[in-house]
Amino acid sequence: MTLTTHATLGALIGKATGNPVLAFFGGFLSHLLIDMIPHGDTGMSDNFRVHKTRQTRAVAYVVVDAIVAILFVLVIANTRDIDSVRTFTWGIIGGVLPDLLVGLYEITKTPLLKWFNIVHFFFHDFFVKRRGDVPLYYALLAQVVLIAYLQTKL
Ligand SMILES: [Zn+2]
């Protein structure tokens, strides 16, 4: 999923829990679970990580994804009366952290993160490796609709 989807869901879980620790772990768990829904990025991810082709496209996608997520969180934080900035923040941190760890593993190949990389892609690839992925364009449109709905609950 996009980082904006993970951040929005994390923020919502933060609000629902009302507790920063639960917000963090709830956000983290939500990342792994929602990543199980096929969301169109498996081809790009495999090209980048496995086949080592069209890597510039994957990097550009991640940069755009990250900047959009930052801007979205800033807009929400500056236009809403957030009940608890602490749970809002820790929910988002938990929500996006798995992809940061995967990215750090991709850069460093450290054994410290290898296990987590395996866990992440166990969830991420659970259905797409059995039933195939969906077109990225449709997956992004679906996420825009999902985010538009979820942000009304923040
Ligand atoms: Zn992920």
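## Overall dimensions

For a chain of 154 residues, a compact globule would have a radius of gyration near 15 Å, and this chain agrees, because its own value is 15 Å. That radius is taken over C-alpha atoms, and the globule rule is 2.2 Å times the number of residues to the power 0.38. Along the principal axes, the C-alpha atoms fill a box of roughly 45 × 35 × 25 Å.

A word on the ground rules: this is a predicted model, where local features need pLDDT of at least 70 and side-chain atom pairs count only at pLDDT 80 or more, while totals for chains, interfaces and linings use all residues. Residues are numbered from 1 along each chain as its sequence is written, and side-chain values use heavy atoms, with hydrogens and water left out.

## Fold and packing

Take the contacts (heavy atoms within 4.5 Å) between residues at least 6 apart in sequence: 79% of them join residues at least 24 apart. Of the 154 residues, 42% count as buried, where buried means under 20% relative accessible area, exposed over 50% and partly exposed in between, with a 1.4 Å probe and protein chains only.

## Surface and charge

The chain exposes about 8800 Å², and carbon and sulfur atoms supply 71% of that area. The areas come from the Shrake-Rupley method with a 1.4 Å probe.

There are 13 positive and 10 negative side chains, and the centres of the two sets lie 3 Å apart. Lys and Arg count as positive and Asp and Glu as negative, leaving out His and the chain ends; each charge is placed at NZ of Lys, CZ of Arg, CG of Asp or CD of Glu.

## Salt bridges

The model has four salt bridges, each a side-chain nitrogen of Lys or Arg within 4 Å of a carboxyl oxygen of Asp or Glu. D46, R49 and K129 are linked in a network of them. D46 pairs with R49 at 3.5 Å between the closest N and O atoms; the two are three residues apart in helix α3 (residues 42-51), which means about one helical turn separates them.

K129 also bridges to D46, with closest N and O atoms 2.7 Å apart. Because K129 lies in helix α7 (residues 128-131) and D46 in helix α3, this pair ties together parts 83 residues apart in sequence. K129 is partly exposed at 49% relative accessible area, whereas D46 is buried at 14%.

How values were computed: Helices (H or I, at least four residues) and strands (E, at least two) are DSSP runs, numbered from the N terminus.
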